[in-house]
Amino acid sequence: MRTALTVWNRLACYSEGVNDFARQGSGAEENTRKEDRLRIAAIRFLNPAPLMWDFEHEPHKTSLAERYRLELMMPAQCAERLALPIGDPQAADIGLVPVAALATTPGLKIIPGCAIASKRKVRSILLVRRASQPLSEIKTVAADTSSRASLAYTQILFKRWWNPDAARKVEFVPHYPDLDPMLDSADAAMLIGDPALFALEERQNRFERTGEELVYHDVAEEWIKLTGVPWVAAVWAIRETSLAASGRTLDEIAADFTSSRDRGLANIETLVEEWSARIPLPANTIRTYLTSNIFYKLDEECLAGLRRFYDLAAETSVLPRYSI
């Protein structure tokens, strides 16, 4: 049996490695940068890997680098870069942003076609609690706040369904994504992205080690069950001012991103091989996640899911009212 800290030690090593990968991505083609390139803030988790195919693989990587400058970061940072003044050197023109950020960042326009969504279990957004404590009794959640959308979805679920008593508000406390310390400090833990996938892989190992029975709620699955619409976490968005200054149409820009997505989905096995070398997850877990758990098209069902999200977020005072 693996030691208690095995998965989180591996996660720490992975996190440092992906930081290096992100720095490499942001520094690529440094000598050929052009002031008129659109600056992209992209997510460094596994889930957007198919969307990023053309930006990271030839024969299209070089030509796209003439039009875009790519930097990899955490989901919440993408929204922060789009909220910076346009003249700030850290500002982005385009970002793969958590959908919650659209309601709080004025002047953004959705680039049609692509999404990080799910129409079933997503596996990478978890609320973990002790089996002995029902959802209705949860008062504190230690939360990885790297995704504003995941936090907003979880807050909506608590306020509308899980613990709707207005006199008992659930407190979300920011915490590094490490399950055991999170549960030591709060009633429940919220894990996002790759750390959530790692926690599921270690579920049986943790039970054998501690004897403690936990309940792992898949937030997307809970949302879909309760609302009947897809869960949508992130979309490509562009500043309206950047679009106007680019001299390109929204459809032309969207074509670059949808083409990249389509080629990524056609090269899943290559992505599985690449990511198996980067993160401590079995190849089959990565394959299933990219092909079955995540849905990459912003179709009419997903747009309906977004509208429902924004309506409920406003009704529960999680976000200001926003319409698409």
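Take M74 as the example. Leaving aside neighbours within four places in sequence, M74 is in contact with R44, F45 and S146.

Now the ground rules. This is a predicted model, where local features need pLDDT of at least 70 and side-chain atom pairs count only at pLDDT 80 or more, while totals for chains, interfaces and linings use all residues. Residues are numbered from 1 along each chain as its sequence is written, and side-chain values use heavy atoms, with hydrogens and water left out.

The overview next. The protein has 15 helices and 11 strands. Helices (H or I, at least four residues) and strands (E, at least two) are DSSP runs, numbered from the N terminus. Of the 324 residues, 54% count as buried. Buried means under 20% relative accessible area, exposed over 50%, and partly exposed in between, with a 1.4 Å probe and protein chains only. Look at contacts with a separation of 6 or more: residues 24 or more positions apart account for 80% of them.

Back to M74. It is found in the loop between β2 (68-73) and α4 (75-83). At 17% relative accessibility, M74 counts as buried. M74 and A41 are 33 residues apart in sequence, and 9.1 Å apart in space, C-alpha to C-alpha.

Helix α6 covers residues 148-162, 15 residues in total. From first C-alpha to last, α6 reaches 19 Å, close to the 21 Å expected at 1.5 Å a residue. That expected span is 1.5 Å times one less than the number of residues. The buried residues of α6 include L151, Y153, F158 and W162.

Helix α10 is residues 219-227, with V219, A220, E222, W223, I224 and T227 buried. What covers them? The cover includes β4, β5, α6, β9, β10 and α15. At the start of α10, a side-chain oxygen of D218 reaches to within 3.2 Å of the backbone nitrogen of A220. For polar contacts, the rule is a pair of N or O atoms within 3.5 Å; within protein, one must be able to donate a hydrogen and the other to accept it, and residues adjacent in sequence count only if both atoms are side-chain atoms. After α10 comes G228, with a positive phi near 80°.

Third, α13, residues 268-276. Here I268, L271, V272 and W275 are buried. Seen down the axis of α13, its buried residues fall within an arc of 105°, so they line one face of the helix. The arc is that of the directions from the helix axis to the C-beta atoms.

Now charges. The structure holds 17 salt bridges. A salt bridge is a side-chain nitrogen of Lys or Arg within 4 Å of a carboxyl oxygen of Asp or Glu. One of them joins K119 and E301, at 2.5 Å, N to O. K119 lies in the loop between β4 and β5 and E301 in helix α15, so the pair ties together parts that are 182 residues apart in sequence. K119 is partly exposed at 32%, and E301 is partly exposed at 46%.

Another bridge pairs D256 with R248, the closest N and O atoms being 3.1 Å apart. D256 is buried at 13%. R248 is partly exposed at 22%.

There is also a network of salt bridges, linking R130, D180, R206, R209 and E212. D180 lies in helix α7 (residues 179-185). D180 is buried, at 18% relative accessible area.

R239 sits in strand β10 (residues 231-239). Its side chain reaches the backbone oxygen of R81 at 3.1 Å.

Last, some backbone details. The peptide bond from E58 to P59 is cis, with omega near 15°. P59 lies in the loop between α2 and α3. R123 is not a glycine, but has a positive phi of about 75°. R123 is buried at 18%. S317, also not a glycine, has a positive phi of about 65°. S317 is exposed, at 60%.

Key:
Contact = heavy atoms within 4.5 Å.
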